[in-house]
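Here are my notes on the model you sent over. Have it open while you read.

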Amino acid sequence: MGIEKMKMPQLGESVTEGTISKWLVSPGDTVNKYDPIAEVQTDKVNAEVPSSFTGVIKELLAEEGDTLEVGELICSIELEGGNDAPAEEKVEKKEEAAPSTPASADTSNKGRYSPAVLKMSQENGIDLTQVTGTGTGGRITRKDLKKIIESGNIPQASEAPKAAPQQESPSQVAPAQPSQKAAAQTPDIPTLPGDIEIPVTGIRKAIAANMLRSKHEAPHAWTMMEVDVTNLVDYRNSLKIEFKQKEGYNLTFFAFFVKAVAQALKEYPQINSMWAGDKIIQKKDINLSIAVATDDALYVPVIKNADEKTIKGIAREITELAGKVRSGKLTSQDMQGGTFTVNNTGSFGSVQSMGIINYPQAAILQVESIVKRPVVMNNGMIAVRDMVNLCMSLDHRVLDGLVCGRFLQRVKEILENTSKETTSIY
C-alpha cells in the first residue's frame with residue numbers, strides 16, 4: 001500500500017489551523033491506527049491527534065511549534081509491506097497539478113487572513129493586498145506565501161494606506177488590522193538585564209485576538225447588583241461535608257449561582273441572544289460557558305442545557321469540566337455551543353470586575369467573592385450578612401439596561417430565597 005500522508009485534522013467547528021505543540025512519535029516508530037501521534041493546540045482546545053493508519057512513521061513534516069492550516073501534511077506513515085513508489089508518484093502529480101492561481105473567479109475570502117498567514121507576512125514584509133490566493137474563495141494560504149518567499153519576488157507595502165482586512169467568523173480568531181504596514185509594527189520595548197522574554201503561545205494569541213475583537217466590535221456597558229446570600233451560605237455549609245462524602249465531589253457556591261442564572265435566562269430569553277449583523281439571534285438552548293483558568297490560559301467549557309439540570313448535576317459538571325481543562329483532556333465538543341458566560345471571579349478574592357464579553361454572546365456575568373459586611377436591615381437594625389456583587393457586562397447593540405436590570409433582579413431574588421426550606425439540590 002506504500003506511504004500514506006497524514007494531514008492536520010479539523011479539531012473543532014470553524015477551526016482553520018492548529019499548532020504542533022508536541023510530537024509523541026519519532027521517525028522509525030511503529031504505530032497502530034488510533035494511537036496518538038501528536039499534541040495539537042488550536043484557538044479552541046488542546047487535543048491529541050490519532051494516527052489514521054497502522055505502520056511505521058517515515059517522516060515528520062512539521063516541527064514542534066509550527067502552525068499549519070487544516071489539511072496541510074503533518075507526517076508520512078509507511079504501511080506494513082507497502083511499496084512507497086506509487087504513493088510518492090501520486091503526491092508529485094498532485095503537487096504538479098496544483099494551480100498557481102485560483103480555480104475560479106470567486107474572491108469572497110480574498111481579505112480573510114488566518115493568524116499564521118498574518119504572522120508570516122509580517123515577518124517577511126509581504127503586502128497581502130498584492131497577493132493572489134489559491135485557497136477557497138481566493139483565500140491566501142501559507143503555501144502561497146512560501147512560494148513568494150522562495151521566489152524572492154516579495155510585494156512590498158506601498159506608502160498609501162490599505163483597507164482593513166475582513167475579520168473571520170466569530171470562532172475564527174484573526175483580529176482586524178488597520179493596514180498591513182501597521183500590522184507589521186510591534187512595540188519597541190528595550191530589553192534590560194534581568195528582563196525575561198516569554199514567547200506568546202497559540203492559545204494566548206487566540207485569547208488576545210478574541211478579546212480584542214470583542215472590545216472593538218461590541219459596545220460594552222456594565223452594571224452591578226449586590227445580593228444578600230446569607231441563607232444560601234448557611235444552607236450550603238450545612239450540606240457540604242455530607243455531600244462530599246456521598247457524591248465524591250464538592251458542592252460549591254458557584255453551582256448555586258449557575259443554577260440561578262440558568263433559571264433567570266429561561267424567564268428572560270432576550271439575554272440569551274447573539275448579534276448577527278442584520279439580525280439578533282435569540283437562542284433556544286441555555287448553554288452556559290464557565291471560565292476555567294490555568295497558569296497560562298483561560299478556557300470556557302460549556303454546561304449544555306443548564307436549565308434542565310439540578311444543582312447537584314451542575315456541581316458535578318463543573319468539577320468534570322474543570323478537571324478536563326487542568327488535565328489537558330478538554331475536547332472541542334466541550335467548548336462549543338455556549339450562549340451566555342458565568343465567570344467565578346470571586347474564587348480569587350475579587351469583589352468587583354468588568355468582564356469582556358465572550359464574543360459573539362451578548363453578555364457575561366461575573367460572580368464576585370462572598371464577603372461579610374454590616375448591612376442595614378428593613379427594620380433599621382444593622383446586621384453582619386454574607387454579601388456578593390454580581391457584575392454584568394452587556395453588548396449594547398443587543399441588550400438595554402432595562403432588561404438586564406430585570407434579569408439581575410430575578411437572579412438576586414432566586415439567590416436570596418435559596419434555603420433549606422425552599423431549595424432542593426437534587
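The points below start with the overall fold and then turn to salt bridges.

1. Ground rules first. This is a predicted model, where local features need pLDDT of at least 70 and side-chain atom pairs count only at pLDDT 80 or more, while totals for chains, interfaces and linings use all residues. Residues are numbered from 1 along each chain as its sequence is written, and side-chain values use heavy atoms, with hydrogens and water left out.

2. The overall picture: the protein has ten helices and 19 strands (DSSP runs numbered from the N terminus, helices being H or I with at least four residues, strands E with at least two). Of its 426 residues, 43% are buried (under 20% relative accessible area; exposed is over 50%, partly exposed in between, with a 1.4 Å probe and protein chains only).

3. On to charges: a search of the whole structure turns up 13 salt bridges (a side-chain nitrogen of Lys or Arg within 4 Å of a carboxyl oxygen of Asp or Glu). One of them pairs Arg 385 with Asp 228, closest N and O atoms 2.8 Å apart. Arg 385 sits in strand E19 and Asp 228 in strand E9, 157 residues apart, and both are buried.

4. Asp 334 and Lys 324 also form a salt bridge, at 3.2 Å between the closest N and O atoms. Asp 334 belongs to helix H9 and Lys 324 to helix H8, so the pair ties together parts ten residues apart in sequence. Asp 334 is buried at 13% relative accessibility, whereas Lys 324 is partly exposed at 30%.

5. Finally, look at Glu 267, Arg 410 and Glu 413: salt bridges with shared partners join them into one network.
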